[in-house]
Amino acid sequence: MPRKILVLVGGILLVLALSECGSRNDKGTVEGEVRIDGSSTVYPITEAVAEEFRLDEPRVRVTVGVSGTGGGFNKFGRGEIDINNASRPIKEREASQCEANNLKFIGIRVAYDGLVVVVSKQNKWLNEISVEELKRIWEPEAQGKITRWSQINPEWPNEEFHLYGPGIASGTYDYFTEAVVGKAGSSRGDYTASEDDNVLVQGISGDKNGLAFFGLAYYEENKEKLRVIGVDGGDGVVMPSEETVKNGQYMPLSRPIFIYVSDIAAARPEVRSFVKFYLDNANFLVSDVGYIPLTNEEYKIELAKFEAFLSDEASDGSATERSRGLSVNIIPSNLLP
Amino acid sequence: MLALAGLVTVLTTAGIIWVLVSESWGFFTTVSLWDFLTDTEWTPLFAEKNYGILPLLSGTFLTTLIAILTAVPLGVVIAVYLSEYANPEFRKALKPTLEVLAAVPTVVYGFFALTVVTPFLQTFVPGLGSFNALSAGLVMGLMIIPVISSLSEDALHAVPKSLREASYGMGATRFQTAFKVVVPAASSGIMVAVILGIARAIGETMVVAIAAGQQPNLTLDPRESVETITAYIVQVSLGDVEHGSLEYKTIFAAGITLFVFTFMLNNLSFWLKKRYEERYE
């Protein structure tokens, strides 16, 4: 009997020792956790960065949620997360919430994104759509009344269309409604709304009368199931691609996407390390997941902004003024031809 | 001491009712009950706000109906088989297998409906959307078969042997005895089982949230995407509505509607059980 116990204990110790050998407890320079949430559009980039970061800094626990830009800002404002993925700039209301909780923040551009309009592969007849037509489909007045393709364009089939799109917590939704309908957050309500773009892809892929909008990356990921259509923003029909988004041709549906970091979070070395890693490696990782990277100079500028934010909040400066960022410009100035 | 344990459940129920009523009170002072019950659109989060519960009710009703149409025939037949036909060893083996159906996590059922059942149905049902009430209803039916079969089986078992023997004595076959004598005799218990199954289906959240869709749609066509009351509650509570706003209160308005239905169903089953129980000693 004592022999058996000895063998058992020895076995357990052996397993523990082996697991210690495999563990990378001495690797990396920081430890802790980084809590990230927010936009489903920015998620693929942040998740890709997090995966690489974990290899370099295995003692840092990085978690990335997908509550939508608005949902993320809510948590960000309450200090529940360190970084918010945002596919639109922060709103006044959200900024005031941060102020009310004594939180300063900085918005950092990480990539450019195009919003694509997609239909299922079974739809063979729709190849292009104008912003005007999109507006007539998606505006609030269309709710319950505009339900058939032929109501928008008499040449289109007389069948009911099914709409899919992000819900109101999504920055993509805010941006699309501002660019297409003219007012952020203003759209019809009778469509399948989900902050999870995978749900939209699933819905559209099986629906020959479906029409959806979401970020370019989700289209790139699911090219076999979806068909993207060109958008006419007033200057002819443009198909979305890395080129047309980068040079501003694909408008009005091109936009920068951001991460927002709070000063309380930036005080922690693991968060600083993560953000710097992000900006250092974004160039490669952003293209990898299907988005359009900023130019190298632009990444350097963003990094400098972040450094300034850090030194500013160390001396308790007015970082908030500078970091309030842009209101939702349809075409950011650097994308203008 | 033991009374305290019972008190805990009573207090919990009272607490839930209190929360539901107090929050939806605020809702109903802004939105009239008439609008709530008759408007045909439910879009409280969007620019044009409509607060008609009918689309959500029709979603819940449609999926529940399909679930019950699937589960009741199958459940009752399984119960009859287990009670009247199966030999004891087979019964012992089959019952746990049935319980497994009930033990599968509902989120797994949801994805099963979305990724297996829907594509399969799409091969022969024309016009079936990727999110639809039909596959969600069918899978929910699968899920509540154990509820119905287990309770029906207990009801069938409670029928006195003398009734069966009298039927055989009259020359009836096993099938005739089972379906023309025993099942009608156990009908009150079977009704209770069905009603509890309905209550379970109405309250089911994950299967419908994943497979039935997120678009409130007033329709009786099972091929379309619908949203149930439970799926709506999930959708809103995971989003970014402001605490205390009217949109936030819609959660409680939807919740109290759900509660009212489940409560009525439970009371109905109670009443039925009491009413018909004494018939067969």
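**Chain and domain contacts in the predicted model**

The contact between the two chains draws 27 residues from chain A and 18 residues from chain B, two residues being in contact if their C-beta atoms, placed from the backbone, lie within 7 Å. On the side of chain B that touches chain A, 9 residues are polar, 6 nonpolar and 3 charged; here Ala, Val, Leu, Ile, Met, Phe, Trp, Tyr, Cys and Pro count as nonpolar, Asp, Glu, Lys and Arg as charged, and the others, Gly among them, as polar. The model is predicted: local features need pLDDT of at least 70 and side-chain atom pairs count only at pLDDT 80 or more, whereas totals for chains, interfaces and linings use all residues. Residues are numbered from 1 along each chain as its sequence is written, and chains are lettered from A and ligands numbered from 1 in the order in which they are written.

Chain A is assigned domain 1 (30–112 + 257–328) and domain 2 (114–254), with bounds from an automatic or database domain assignment. The C-alpha centres of domain 1 and domain 2 of chain A are 28 Å apart. Their contact involves 19 residues from domain 1 of chain A and 22 residues from domain 2 of chain A. The side of domain 1 of chain A that touches domain 2 of chain A comprises 10 polar, 8 nonpolar and 1 charged residues.

The mean pLDDT (the predictor's confidence in each residue, from 0 to 100) of chain A is 85, and 90% of its residues reach 70 or more. Over residues 317–337 of chain A the pLDDT is below 50. Where pLDDT is low, the predicted coordinates should not be read in detail.
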